[in-house]
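User: I would like to learn how to read a few features of a protein model. Can we work through them one by one?
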Amino acid sequence: MYEKAFQVEIITPTRVLFEDEATSLSALGVEGNFQVLYDHAPFLTAIGVGEIKLKDKNGTDTIYATSGGFVEVRANHVVVLADAVEKASEIDVPRAEAAKARAEQRLRQHDPEIDLARAQAALARALNRLRVSRKVL
């Protein structure tokens, strides 16, 4: 089946991870999963802790872990502005496991000085990175 390509940029505050054509982009929006194909209707959405799956113009699938941000779709151009994004194959698994252990320890302490929401968010990010790291294609 012939799939038409559109322009995609995946950008963080520190680097551009992807800037090329793709035939599909799927992500977890704050209101549910979505997929963008050629000629998709324009929209803007926030994304949460989750994954982005991208099929490039050559048919290669790449999975990224993300910790939140925004996706804008307009005129066959998708821009992902994310707080943090990592390719599944580049995730430092020992570092993610250490972050998970730290967050779990903070949550077990029941210390009133600990920001529980922040510890829970850190745990969610670490678990997501570990889950995505196992999806290397």
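Predicted model: local features only at pLDDT ≥ 70, side-chain atom pairs only at ≥ 80, totals over all residues.

User: How are two packed helices described?

Analyst: Two packed helices are described by the angle between their axes and the distance between those axes. Here, helix 1 (residues 93-109) packs on helix 2 (residues 116-133) at about 150°, and their axes are 8 Å apart. An angle over 145 degrees counts as roughly antiparallel, so helix 1 and helix 2 are roughly antiparallel to each other. Their crossing is left-handed.

User: How do the residues of the contact of helix 1 with helix 2 divide?

Analyst: They divide into twelve nonpolar, two polar and six charged. Helix 1 contributes residues including Ala 96, Ala 99, Ala 103 and Leu 107. In helix 2, Ala 119, Leu 123, Ala 126 and Leu 130 are among them.

User: Which residues form an aromatic pair, and is it stacked or edge-to-face?

Analyst: Planes over 60 degrees apart count as edge-to-face. A search of the whole structure finds one aromatic pair. Phe 34 and Phe 43 form it, 5.3 Å centre to centre, with 85° between the planes, so it is edge-to-face.

User: Why does Phe 34 count as buried?

Analyst: Buried means under 20% relative accessible area. Phe 34 counts as buried because its relative accessibility is 15%. Phe 43, at 24%, is partly exposed.

User: Where is Ile 47 found, and what does Ile 47 touch?

Analyst: Ile 47 is found in strand 4 (residues 43-56). Ile 47 counts as buried, at 5% relative accessibility. Beyond four places in sequence, Ile 47 touches residues including Phe 34, Thr 66, Phe 70 and Val 80. Ile 47 and Thr 66 are 19 residues apart in sequence, yet 8.4 Å apart in space, C-alpha to C-alpha.

Terms used: Residues numbered from 1 in each chain as written. Heavy atoms only, no water. Phe/Tyr/Trp six-rings, centres within 6.5 Å; stacked < 30°, edge-to-face > 60°. Buried < 20%, exposed > 50% of the residue type's maximum accessible area, 1.4 Å probe, protein only. Axes fitted to C-alpha atoms, helices over the stretch in contact; angles between N-to-C directions. Helix = DSSP H or I, 4+ residues; strand = E, 2+ residues; numbered from the N terminus. Parallel < 35°, antiparallel > 145°, perpendicular 65-115°, else oblique. Left-handed = near helix turned anticlockwise from the far one by under 90°. Contact = heavy atoms within 4.5 Å. Nonpolar A, V, L, I, M, F, W, Y, C, P; charged D, E, K, R; others polar.
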